[in-house]
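User: I would like to go through the ligand site and one of the sheets in this structure, taking one point at a time.

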Amino acid sequence: MNETTNSNFESDVYYPSQNTIDEAHCKDYESMYKESIRNPEAFWGKIAAEFYWSKIWDKVIDDSNPPFYKWFTGGKTNIVFNAVDRHLKTWRRNKLALIWESEDGEVRTYSYFALNREIVKFANILKSMGVERGDIVTIYMPRIPELVFAMLACAKIGAAHSVVYGGFSVEALAERIEDAESKVLVTADGGFMRGKLINLKEIADEAISRQGTIEHVVVIKRTGQEIHMENGRDYWYHDLIKLPVVNQSCETESLDSEEMLFILYTSGTTGRPKGIVHTHGGYMVYTATTLKYVFDLKDEDRYWCAADPGWITGHSYIVYGPLLNGATSFMYEGAPNYPYPNRWWKMIENYGITILYTAPTAIRGLMRFGNAWPNRHDLSSLRMLGSVGEPINPEAWKWYYNTIGQERCPIMDTWWQTETGGFMITPLPVTPLKPGSATLPFFGIEVDVVDTDGNPVQNGEEGILVVKKPWPSMLRTIYKDPERYKTQYWNRFGTMYEAGDSARKDKDGYIWVIGRLDDVIKVSGYRLGTAEIESALVSHSAVAEAAAIGLPHEVKGNTIHAYVLLKAGQTPSEQLAEALRHHVGHEIGPIAKPEKINFVEVLPKTRSGKIMRRLLKARALGLPEGDKSTLEE
Ligand code: WT7
């Protein structure tokens, strides 16, 4: 979508309505932003003081050992104190925390009181399995409320969670469990997607057999399908909750601000996914604050973030951010167009959703079905819209704005990453919008676009996107690999965080994110590494070498194209291509399946043996091949 974004660089401006300004938590972005930059310690200290701490921090920012920054050091809290416990003492105990609809239309609702009860039960179960403060529990689930309960139960007892997206498959799950050395896995018998059964437990069993740390598995019954239960290892959740110990009370552990809340694995330049580490204190303060100001969250709202809790968007803005604000969050299990393309619009009408936050790929996908589907529904409850995951092309932006928001709802195009924990570049409701631009930095965030020497580029020129100061919810490290944390994000510019994206800045200081600079491909907003796909391909017995690239796609943003060199004696065929696609799906997950497999005799490489993906891409797109001086003859 980059081409469209860039051609629209000088675009129309959409100004907020008086009504939006009157309602907004922050009416003057500029002065509040300036304040946050002038004195970050005072700014964040004041905001953090609105939360419950069992001990107040000694220092807001500890920058004594860069780039290992710490926040609110010496302070003690637990994100669950603030996301759940404190609401129980107010009228919000009776407020809905979660409304959930299954793909086949079943509805479940949980007040804050009920949510707490579920978390306590789950926490007691985890404790009875020997989970202790500091352990890492892997969670591999479909999009059901128990996923949220399990995450919060871990946090409550001081264990970290590592959620693996339910769309991932055997190898992706196995290597994440392995890296985290989890002893306990929480999963389900299966899930539903477009009416089809997904065999989650079967995938989990195969993943467990590939590694050796799992001792206990908690299994939620979701589909009722026949599954294997390993004696002495696997336990049904509905059996466990009958144990007397489960109904005991359970205290929320008071933790150090910097204790690990979760690991979330994400793709980078090498085959091994990076375990991004987030902690209780700073993440809590930042996710709550960003959500409050960007989506102007109020008690009356019914807020819907349509992502999956298994990605950072879900962690920060389905689970923690909304609960920290005492909001009512809606969650939907299934596919957007199931059984018909009006599913989302029907739910917005049914539940009176006021804020919708989704990804450009979903917008483009639903746009294809035409205006008649949304027009059949009353969408007048909506007041704010959001976008995340990749640049939104102006055409999709305008459809979202006109047809879904009915020219009434500002669109918050939020740029951020797994690593950043929360929104970094984003409008506020009062910000004049330009379709395709994530606009301006959030409070306390200093960003710039620089050249390879770290000097700011001219306005309008493409450069490298950097963040110049630490922020509360920044990643603390890569799990078990602090060296990689340093080299990946800080090596090139020293004190500036390198995000891995290219961008431009316009004359008004608006940031236009262009896309990834590294070998990461965004497919339907999901982040995948070329190296992961390539290693899945070479793990097939017929393949000698493989290269994966991303090519533009109208709905998905990008799709994966693979170039495969077969082993001697293997012959290319349609069947083999299909078998390879299936193999990648089985190893990583359906989202990683290459759209096309090209069998080749040779792969372009540098003299040092690196595959030149850039060249493959240029050839596929019919573009100039650029500098070929390093190409091996
Ligand atoms: C990468 C991070 C953070 C939530 C989901 C993605 C791209 C994200 C935008 C946006 C342009 C965006 C960037 C970034 N990206 N939001 N609003 N405009 N690009 O998290 O999987 O860690 O991916 O997504 O390339 O680096 P993630």
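Analyst: Two strands are taken to pair if DSSP finds at least two bridges between them. The model discussed here is predicted.

User: Which residue of β14 stands opposite H161?

Analyst: Strand β7, residues 160-163, pairs with strand β14, residues 260-266, in the parallel sense over 2 bridges. Within this pairing, the residue of β14 that stands opposite H161 is F262.

User: Why is one side of β12 and of β15 left without a neighbour in the sheet?

Analyst: The open sheet has 7 strands with mixed pairing, in the order β12-β11-β8-β6-β7-β14-β15. Strands β12 (234-236) and β15 (274-279) each have a single partner strand, so one side of each is left without a neighbour, because both stand at the edges.

User: What does the twist average from one strand to the next?

Analyst: The order of the open sheet runs from β12 to β15. From one strand to the next, the twist averages 25°.

User: How much of the ligand's accessible area does the protein cover?

Analyst: The ligand is surrounded by 17 residues, the closest being D413, T414, T418, R516 and R527. A backbone N or O atom of T414 lies 2.8 Å from a nitrogen atom of the ligand, while a polar side-chain atom of R516 lies 2.8 Å from an oxygen atom of the ligand. Of the 560 Å² of accessible area that the ligand has on its own, the protein covers 96%.

User: How many charged residues does the shell around the ligand have?

Analyst: Elements that give two or more residues to this shell are α12 (312-324) and β24 (511-516). By class, the shell has 6 nonpolar and 5 polar residues, and its charged residues number 6.

Technical notes
Residues are numbered from 1 along each chain as its sequence is written. This is a predicted model: local features need pLDDT of at least 70, side-chain atom pairs count only at pLDDT 80 or more; totals for chains, interfaces and linings use all residues. Side-chain values use heavy atoms; hydrogens and water are left out. A residue is near a molecule or strand if one of its heavy atoms lies within 4 Å of it. A polar contact is a pair of N or O atoms within 3.5 Å; within protein, one must be able to donate a hydrogen and the other to accept it, and residues adjacent in sequence count only if both atoms are side-chain atoms. Accessible areas come from the Shrake-Rupley method with a 1.4 Å probe; for residues, only the protein chains shown count as cover. Helices (H or I, at least four residues) and strands (E, at least two) are DSSP runs, numbered from the N terminus. Ala, Val, Leu, Ile, Met, Phe, Trp, Tyr, Cys and Pro count as nonpolar, Asp, Glu, Lys and Arg as charged, and the others, Gly among them, as polar. Axes are lines fitted to C-alpha atoms, for helices over the stretch in contact, and angles run from 0 to 180 degrees between N-to-C directions.
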